[in-house]
Amino acid sequence: MYRAFCAFLYVSLALAAYLLVAIVLEKRFQFTRAEYAVSAAVVLAMLLLPLGVVLSEEAALFRINKNLPESHAPTLPAVATLATKPPAPPAAAPAAEKPATASSRLLRALRPPPRGEDYTILQALASVDMLLLFTATVFGVGGTLTAIDNMGQIGESLGYPPRSVATFVSLISIWNYLGRVAAGFASEALVARYRLPRPLLVAAVLLLTVPGHLLIAFGVPGSLYAASVVVGFCFGAAYPMILAIISELFGLRYYSTLYNVGNVASPVGSYILNVRVAGRMYDREAARQGAVAAAAAAGKGLTCAGARCYRESFLVVAAVTVGAAAVTLALAWRTRAFYAGDIYARFKDGSRGVSANGNGNVDGEEVVEAKEQAAVDGRR
């Protein structure tokens, strides 16, 4: 399974590298029809490579199962009977307590468990950690979405040819994927080896996005190529780490719902920064340039030209991205003790040393001691 995963990863990385090289060469040279056909054939062949990986793995499994003799078929060993102490008599029922009020029940429902345990949806939504993470996603990832959604219009306002605008979109897509791969491997290595809080890595990625926003804001000639790479990479790197943080802090029991809570934050940020900020400032600058009458005469939308079209809006985006990074740093400070330990310990405890009898231990005395300790903890 791991070998197949690595094969898929290498094929996808090779395809991304090939597309990146093809984009650069297409920018510098004029391709003929035959060269476009060869390039398309190479891409098609690389897209079919994963199918070859699947067929190779299936053939390997078939050969293994075919060569496996019947005498080696796995059999379940007999389960050893362990002598345990009789259960302790139940404790006396406590004295009758006053019925809990609605406010006390609500407070008890909102009281969160330790980080890493399974939160309920209400506990997660009411927690300070989720509020900080949601705010950072709205203004951090929302800023990168604003740049991605407006990249075509930004290139048009700065005077880039349509061919270059198409290149920006391709660069964003490729570096978005590379950012996801790099962040997945790098963040996991840093968390496992150096016990760095994952929110700290998200904050670093958000700060790395700021130069990309500033390049767009000041409209430096040729800067949109670098801005496309930076914004695409940072968007791809930040988003999966934010979703990983949700699973680590709030558990997996209600992860499908909390996953969608994290997904909602991005369009909310895109609406605030893209529609309410960048859109209005763009229209205001277009009106100042006198594009309203020209657009009405031509029957088209407003078109703004020059670096001023997006300067103010992306200065605002850069500022709120710095604020989002500060919020993420606050979350990293709050969770530093959690990430200083082994965040996967509860999964390891559940699957460590699983033997044929399913108890996780071979020695019967260890099983008895574990059960006794669990009973003592339960009575506490």
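Student: Where does arginine 195 lie?
Tutor: Arginine 195 is in the loop that links helix H7 (162-194) to helix H8 (198-218). Keep in mind that this is a predicted model.

Student: What's the phi of arginine 195 like?
Tutor: Arginine 195 has a positive phi, about 60 degrees, even though it is not a glycine.

Student: And does arginine 195 count as buried, partly exposed or exposed?
Tutor: Arginine 195 counts as partly exposed, because its relative accessibility is 34% and that class runs between 20% and 50%.

Student: OK, new topic. At what angle do H1 and H2 pack?
Tutor: Helix H1 (residues 2-28) and helix H2 (residues 33-67) pack at about 175 degrees, and their axes are 10 Å apart. That angle makes H1 roughly antiparallel to H2, because the cut-off for that label is over 145 degrees.

Student: Which residues of H1 and H2 meet there?
Tutor: From H1, the residues include Ala4, Phe8, Val11, Leu15 and Leu19. On the H2 side you'll find, among them, Val42, Val43, Met46, Leu47 and Val53. Arg3 and Glu26 in H1 also take part, as does Glu57 in H2.

Student: How does the contact of H1 with H2 split by class?
Tutor: The contact of H1 with H2 has 18 nonpolar, 1 polar and 3 charged residues.

Student: What lines the largest cavity?
Tutor: Its lining is Met130, Leu133, Phe134, Thr137, Ile242, Ile246, Val261, Gly262 and Ala265. Helix H5 (128-149), helix H9 (223-250) and helix H10 (255-288) are the elements that each give two or more residues to that lining.

Student: Which element gives the most to the lining of the largest cavity?
Tutor: H5 does, with 4 residues.

Student: How do the residues of that lining divide by class?
Tutor: The lining of the largest cavity divides into 7 nonpolar and 2 polar residues, with no charged ones.

Student: And what lines the second largest cavity?
Tutor: That one is lined by Ile154, Ser157, Leu158, Ile216, Gly306, Ala307, Cys309 and Tyr310. By class, the lining of the second largest cavity has 6 nonpolar and 2 polar residues, and no charged ones.

Definitions and conventions:
Residues numbered from 1 in each chain as written. Predicted model: local features only at pLDDT ≥ 70, side-chain atom pairs only at ≥ 80, totals over all residues. Heavy atoms only, no water. Buried < 20%, exposed > 50% of the residue type's maximum accessible area, 1.4 Å probe, protein only. Axes fitted to C-alpha atoms, helices over the stretch in contact; angles between N-to-C directions. Parallel < 35°, antiparallel > 145°, perpendicular 65-115°, else oblique. Contact = heavy atoms within 4.5 Å. Nonpolar A, V, L, I, M, F, W, Y, C, P; charged D, E, K, R; others polar. 1 Å grid on protein atoms, 1.4 Å probe; cavity = no way out; pocket = protein on both sides within 12 Å on 5 of 7 lines; lining within 4 Å.
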